[in-house]
Protein chains: 2
Amino acid sequence: MKPAVVLLSGGLDSSTCLALAKSQGFACHALSFDYGQRQRQELKAAQAVAKTIGVASHRILNLDLRAIGGSALTDDIEVPKHRSAEEIGQGIPVTYVPARNTIFLSYALGLAEVLKAKDLFIGVNALDYSGYPDCRPAFIQAFQTMANLATAAGVSGESPMTIHTPLISLTKAQIVTTARRLGLDIDLTFSCYDPSPQGQPCGACDACLLRAKGLAEAL
Amino acid sequence: MKPAVVLLSGGLDSSTCLALAKSQGFACHALSFDYGQRQRQELKAAQAVAKTIGVASHRILNLDLRAIGGSALTDDIEVPKHRSAEEIGQGIPVTYVPARNTIFLSYALGLAEVLKAKDLFIGVNALDYSGYPDCRPAFIQAFQTMANLATAAGVSGESPMTIHTPLISLTKAQIVTTARRLGLDIDLTFSCYDPSPQGQPCGACDACLLRAKGLAEAL
């Protein structure tokens with residue numbers, strides 16, 4: 001089995017991405033981040049999902065994104081609620097964490113190099129998404145080009161790294177359908193940006209609304 | 001004064017890079033990393049250098065690179081000593097930390113986005129260097145392209161980010177001369193990969209040898 005590094009937040013998208021990588025026969029090394037996010041529930045979800053799907057390893061790295069700040073997910077900025085589909089599609093919301101996917105993919109790249117893995121998976125989605133710039137296909141393509149120049153593989157002429165984004169052009173409903181087809185228990189995943197102190201999803205942030213829309217449309 | 005983010009390890013190169021950015025009139029936000037490196041002396045050097053040169057801010061972020069491993073600088077792998085100039089120029093040594101510059105630049109990118117800085121400085125050098133793939137001009141160029149797609153600036157059409165590498169084609173002797181011209185106290189900087197427990201440089205690792213060569217040739 002070929003090794004792959006899979007970014008796993010514990011949300012619906014990254015969990016489905018992990019299930020897809022596993023179904024394609026990869027030995028999956030899951031990578032999660034404790035980056036001072038408001039809510040810790042998603043890390044518990046990531047652990048449960050990794051265990052259920054079955055991974056070769058699961059690392060949770062501590063990151064210091066609060067030292068950078070600038071986001072409702074890491075700072076004391078209010079998470080927007082009850083936005084309409086049109087509002088969600090417009091502009092970059094305050095839940096955007098500056099350079100987050102770049103930082104996450106950079107760690108994945110380092111781990112891939114150590115594990116001699118040539119395949120990285122990230123569950124970004126550019127259709128039913130929050131408008132983050134680092135979810136777009138052009139970003140992923142540019143990261144892959146950079147990754148192959150950044151690493152030892154780029155010097156020694158080994159086979160190049162591939163950044164897989166199997167969800168990038170799926171609707172949320174199609175992601176739900178894919179998750180179900182692969183036998184993923186969606187209830188294990190956790191998407192909310194602003195849960196209660198007891199870990200209950202708020203039901204009103206962009207992530208909750210997009211998830212609810214996907215579940216409704218996949219019925 | 002325009003803000004710039006400057007990566008600062010505390011070594012000769014990054015310290016000279018900071019002095020150059022400052023001399024160009026930037027308000028410099030220095031960024032250092034405590035990444036579980038063998039030696040802590042360079043972080044003390046970074047603090048002393050930042051204070052002497054005068055920065056707008058200096059952050060030391062905690063990173064978890066040991067969880068990834070794969071390098072003599074973060075693992076229990078022996079640091080090679082007394083290598084000749086030819087040996088140093090050949091292949092990638094075990095002191096290479098997988099994806100390190102990619103990870104460092106990604107954090108710098110996030111901080112730049114928060115500070116609304118369009119200029120990032122990194123003191124990489126592709127001439128008298130240890131053969132790391134992530135010091136090469138092609139890597140820097142690819143990172144800059146990716147950075148401009150990764151961030152909010154890339155969506156909103158703001159002016160693009162520039163990754164400045166003022167040392168990239170200088171010899172070590174030229175870096176020493178530049179540092180002296182800018183009034184940087186070179187004795188404050190620290191380059192060794194494997195110092196004694198008391199923080200004395202070993203004098204025999206690649207970094208010590210390249211530094212000594214530069215100092216000798218700059219006489």
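Predicted model: local features only at pLDDT ≥ 70, side-chain atom pairs only at ≥ 80, totals over all residues.
**Entry 1: how the two copies relate**

I superposed chain A on chain B and got a rotation of 180° with 0.0 Å of shift along its axis, at an RMSD of 0.0 Å.

Residues are numbered from 1 along each chain as its sequence is written, and chains are lettered from A and ligands numbered from 1 in the order in which they are written.

**Entry 2: the contact between A and B**

I looked up how many residues each chain puts into the contact: 36 from chain A and 36 from chain B. In contact means that the C-beta atoms of two residues, placed from the backbone, lie within 7 Å. On the chain A side, the elements giving two or more residues are strand S3 (57–62), helix H4 (100–115), helix H5 (137–150) and helix H6 (152–156). Helices (H or I, at least four residues) and strands (E, at least two) are DSSP runs, numbered from the N terminus. H4(A) has the largest share of that side, with 9 residues.

I then sorted the chain A side by class and found 22 nonpolar, 9 polar and 5 charged residues. Here Ala, Val, Leu, Ile, Met, Phe, Trp, Tyr, Cys and Pro count as nonpolar, Asp, Glu, Lys and Arg as charged, and the others, Gly among them, as polar.

Do the copies use the same surface or different ones? 100% of the interface residues of chain A are also interface residues in chain B, so the copies meet through the same surface.

**Entry 3: the sheet in chain A**

I traced an open sheet of 5 strands in chain A, in the order S3-S2-S1-S4-S5, with parallel pairing. Two strands pair if DSSP finds at least two bridges between them. S3 and strand S5 (162–164) of chain A are the edge strands, each pairing on one side only. On average, neighbouring strands of this sheet are turned by 25° against each other, direction ignored. For angles, axes are lines fitted to C-alpha atoms, for helices over the stretch in contact, and values run from 0 to 180 degrees between N-to-C directions.

Strand S4 (residues 119–121) of chain A runs parallel to S5(A), joined by 3 bridges. I checked A:Phe121 too: its bridge partner in S5(A) is A:His164. Helix H1 (residues 12–23) of chain A packs on the sheet and touches strand S1 (3–7), strand S2 (27–34) and S4 of chain A, at about 170° to S1(A).

**Entry 4: chain B, around B:Phe33**

B:Phe33 is in strand S2 (residues 27–34) of chain B. I count B:Phe33 as buried because it has 23 C-beta neighbours inside 10 Å. The cut-offs are 20 or more other C-beta atoms within 10 Å for buried, 12 or fewer for exposed, and partly exposed in between, with C-beta atoms placed from the backbone.

Leaving aside neighbours within four places in sequence, B:Phe33 contacts B:Leu61, B:Leu63 and B:Phe104. I also have 8.2 Å between the C-alpha atoms of B:Phe33 and B:Arg59, which are 26 residues apart along the chain.

S2(B) pairs with strand S1 (residues 3–7) of chain B in the parallel sense over 5 bridges. B:Val6 stands opposite B:Ala30 in S2(B). Helix H2 (residues 41–53) of chain B lies across S2 and S3 of chain B, at about 170° to S2(B).

Technical notes:
Least-squares fit on C-alpha atoms with pLDDT ≥ 70 in both.
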